[in-house]
Amino acid sequence: MTGRAAPPPTEIGLQGSPRVSARWVEWLMGLPRGYVTDIPGLTRGQQLQILGNGVVPQQARAAFAALLDLEV
């Protein structure tokens, strides 16, 4: 859907354990590469918070299309 390969879903954390990658979440949501992860000054936690509070654009488009078809 995005036209690019998925980045690795995990990365090695500060303690040496795997943790979810913000770049993978960004890709999973169908967002352009770097849409959140290339914003200067954001920590990984802030990136994940922004992504977690975000909207998947393809899903929002489908929801609006369905609402417009209701003719309420």
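The exercises below concern a predicted model and come with worked solutions.

**Exercise 1.** Find which residues form a salt bridge with Glu11, and state which parts of the chain the pair with Arg44 ties together.

Solution. 
- Step 1. A salt bridge needs a side-chain nitrogen of Lys or Arg within 4 Å of a carboxyl oxygen of Asp or Glu.
- Step 2. Between Glu11 and Arg19 the closest N and O atoms are 3.1 Å apart, and the pair forms a salt bridge.
- Step 3. Glu11 also forms a salt bridge with Arg44, at 3.4 Å. Glu11 lies in strand β1 and Arg44 in helix α2, so this pair ties together parts that are 33 residues apart in sequence.

**Exercise 2.** Decide whether Asp38 and Arg23 are buried, partly exposed or exposed, and describe their pairing.

Solution. 
- Step 1. Partly exposed covers the range between under 20% (buried) and over 50% (exposed).
- Step 2. Asp38 has 47% relative accessibility and counts as partly exposed; Arg23, at 38%, does too.
- Step 3. The two form a salt bridge, with closest N and O atoms 2.8 Å apart. Asp38 is in the loop between α1 and α2 and Arg23 in helix α1, so parts 15 residues apart in sequence are tied together.

**Exercise 3.** Work out where Ser21 sits and what its side chain reaches.

Solution. 
- Step 1. Ser21 is in the loop between β2 and α1.
- Step 2. Its relative accessibility is 5%, so Ser21 counts as buried.
- Step 3. The Ser21 side chain reaches the backbone nitrogen of Arg23 at 3.3 Å.
- Step 4. Beyond its neighbours within four places in sequence, Ser21 contacts Pro8, Pro9, Thr10 and Glu11.

How values were computed:
Residues are numbered from 1 along each chain as its sequence is written. This is a predicted model: local features need pLDDT of at least 70, side-chain atom pairs count only at pLDDT 80 or more; totals for chains, interfaces and linings use all residues. Side-chain values use heavy atoms; hydrogens and water are left out. Helices (H or I, at least four residues) and strands (E, at least two) are DSSP runs, numbered from the N terminus. Buried means under 20% relative accessible area, exposed over 50%, partly exposed in between (1.4 Å probe, protein chains only). A polar contact is a pair of N or O atoms within 3.5 Å; within protein, one must be able to donate a hydrogen and the other to accept it, and residues adjacent in sequence count only if both atoms are side-chain atoms. Contact means heavy atoms within 4.5 Å.
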